[in-house]
Amino acid sequence: MSTVETIVAALRQEILEGERAGGDRLVEQELTARYGVARHTLRAALRELAAEGLVRIEPNRGARV
């Protein structure tokens with residue numbers, strides 16, 4: 001499993017289990033520190049979650065559940 005897939009799986013689980021509610025902001029700085037990854041890796045994971053409909057990416061504002 002790649003690093004991106006690992007992050008996608010972890011965030012998906014948090015969202016589906018209700019640990020992250022709809023509308024919650026996903027702060028890049030916090031998530032990169034938590035998972036120990038670069039921003040581009042985290043952004044790739046967020047794009048995958050957006051494609052699944054679990055996350056909404058807002059230009060110049062970040063991502064939300």
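This short talk describes a sheet, a loop residue and a pair of helices in one structure. Please note that this is a predicted model, in which local features need pLDDT of at least 70, side-chain atom pairs count only at pLDDT 80 or more, and totals for chains, interfaces and linings use all residues. Residues are numbered from 1 along each chain as its sequence is written, and side-chain values use heavy atoms, with hydrogens and water left out.

I begin with the sheet. Three strands form an open, antiparallel sheet in the order E1-E3-E2; strands (E, at least two residues) and helices (H or I, at least four) are DSSP runs, numbered from the N terminus, and two strands pair if DSSP finds at least two bridges between them. Strand E1 (25-26) and strand E2 (56-58) each have a single partner strand and stand at the edges, so one side of each is left without a neighbour in the sheet. E2 pairs with strand E3 (residues 62-64) over three bridges, and Arg56 stands opposite Arg64 in E3.

The loop between E2 and E3 holds Asn60. Its phi is near 65°, a positive value in a residue other than glycine. Most residues other than glycine have a negative phi. Asn60 is exposed, with a relative accessible area of 84%; exposed means over 50%, buried under 20% and partly exposed in between, with a 1.4 Å probe and protein chains only.

Helix H2 (residues 28-35) and helix H3 (residues 39-51) pack at about 105°, their axes 10 Å apart; axes are lines fitted to C-alpha atoms, for helices over the stretch in contact, and angles run from 0 to 180 degrees between N-to-C directions. H2 is therefore roughly perpendicular to H3, a term that covers 65 to 115 degrees.

Technical notes
Angles under 35 degrees count as roughly parallel, over 145 as roughly antiparallel, 65 to 115 as roughly perpendicular and the rest as oblique.
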